Amino acid sequence: MKSIKFQSSSKEGKRKELEELSPAAKRGMEMFRKGYNCCQSTFGAFYEDLGLDMNTAMRMASSFGGGMGRLREVCGTLSGIFLALGLYCGYSEPEADDEKAVQYSRVQELAAAFKETNGSLICRELLGLSTLGADTPVPSKRTEEYYTVRPCELFVGSACALLERFLKENSIT
């Protein structure tokens, strides 16, 4: 799977490229701007297609923001698209070794494309945070300065665009 190659170097330019590339990216970035966390925003871009109601979808994804509850580990955008991927084409039986291998291969393919696009899979690395371990559990206030400084909206958009492309290329609906 190909990564996303941006033509623009500015955050605003990249955001516009993602919106043009992918309706799911646009939905996810809009949700992030409304205050949903990164995982909720990516999962939220797909919840209707998956037959879920918004309340259930947002509650399912609520714990994974900030790299799993602000632990700053795996980026919440990845958790969101992997939750969606599991509902689109995951397995449910514990003995389904072949299906597990196929699903894990899909996850690894999407993760590699995200990493190539954004530079890492790890929240703290993506944000340039130097400290290891958990952050305060108190979420950052969503101000204009927050949106200007934090690159998370672009991670949401790129994760959504990658999943949308993957589903289309593999005829998964």
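Start by selecting Arg124: with a relative accessibility of 9%, Arg124 counts as buried. Here buried means under 20% relative accessible area, exposed over 50%, and partly exposed in between (1.4 Å probe, protein chains only). This is a predicted model, in which local features need pLDDT of at least 70 and side-chain atom pairs count only at pLDDT 80 or more, while totals for chains, interfaces and linings use all residues. Residues are numbered from 1 along each chain as its sequence is written, and side-chain values use heavy atoms, with hydrogens and water left out.

**Stop 1: around Arg124**

Arg124 sits in helix H8. Helices (H or I, at least four residues) and strands (E, at least two) are DSSP runs, numbered from the N terminus. Now show the contacts of Arg124, where contact means heavy atoms within 4.5 Å. Leaving aside neighbours within four places in sequence, Arg124 is in contact with Leu71, Arg72, Glu73, Leu129, Thr131, Leu132 and Gly133.

**Stop 2**

Move to Arg72. Its relative accessibility is 4%, so Arg72 counts as buried. What does Arg72 meet in a salt bridge? The partner is Asp135, at 3.0 Å from N to O. A salt bridge is a side-chain nitrogen of Lys or Arg within 4 Å of a carboxyl oxygen of Asp or Glu. Arg72 lies in the loop between H5 and H6, and Asp135 in the loop between H8 and H9, so the pair ties together parts that are 63 residues apart in sequence.

Colour by accessibility. Arg70 counts as buried at 12%, whereas Asp135 is partly exposed, with a relative accessible area of 28%.

**Stop 3: Arg33 and Glu144**

Select Arg33 and Glu144. Their side chains meet in a salt bridge of 3.8 Å, N to O. Arg33 lies in helix H2 and Glu144 in helix H9 (residues 144-149), so the pair ties together parts that are 111 residues apart in sequence. Buried or exposed? Glu144 counts as exposed, at 56% relative accessibility. Arg33 counts as partly exposed, at 36%. The structure holds eight salt bridges.

**Stop 4: Arg15**

Go to helix H1 (residues 11-21) and pick Arg15. At 18% relative accessibility, Arg15 counts as buried. Its side chain makes a polar contact of 2.6 Å with the side chain of Glu19. A polar contact is a pair of N or O atoms within 3.5 Å; within protein, one must be able to donate a hydrogen and the other to accept it, and residues adjacent in sequence count only if both atoms are side-chain atoms. Not counting residues up to four places away in sequence, Arg15 touches Met29, Glu153 and Leu154. Arg15 and Met29 are 14 residues apart in sequence and 8.4 Å apart in space, C-alpha to C-alpha.

**Stop 5: helix H4**

Select residues 54-61, which make up helix H4. Which residues of H4 are buried? They are Ala57, Met58 and Ala61. Look down the axis of H4: these buried residues fall within an arc of 95 degrees, so they line one face of the helix. The arc is that of the directions from the helix axis to the C-beta atoms. Their cover includes helix H2 (23-34), helix H3 (38-44), helix H5 (65-68) and helix H6 (76-89). At the start of H4, a side-chain oxygen of Asp53 reaches to within 3.2 Å of the backbone nitrogen of Asn55.

Step on to Ser63, in the loop between H4 and H5. Ser63 touches Met68 and Gly69, not counting residues up to four places away in sequence.

**Stop 6: Asn118**

Find Asn118 in helix H7 (residues 97-118). Asn118 counts as buried, at 18% relative accessibility. A 3.0 Å polar contact joins its side chain to that of Ser158. Beyond residues up to four places away in sequence, Asn118 touches Leu126, Phe155 and Ser158.
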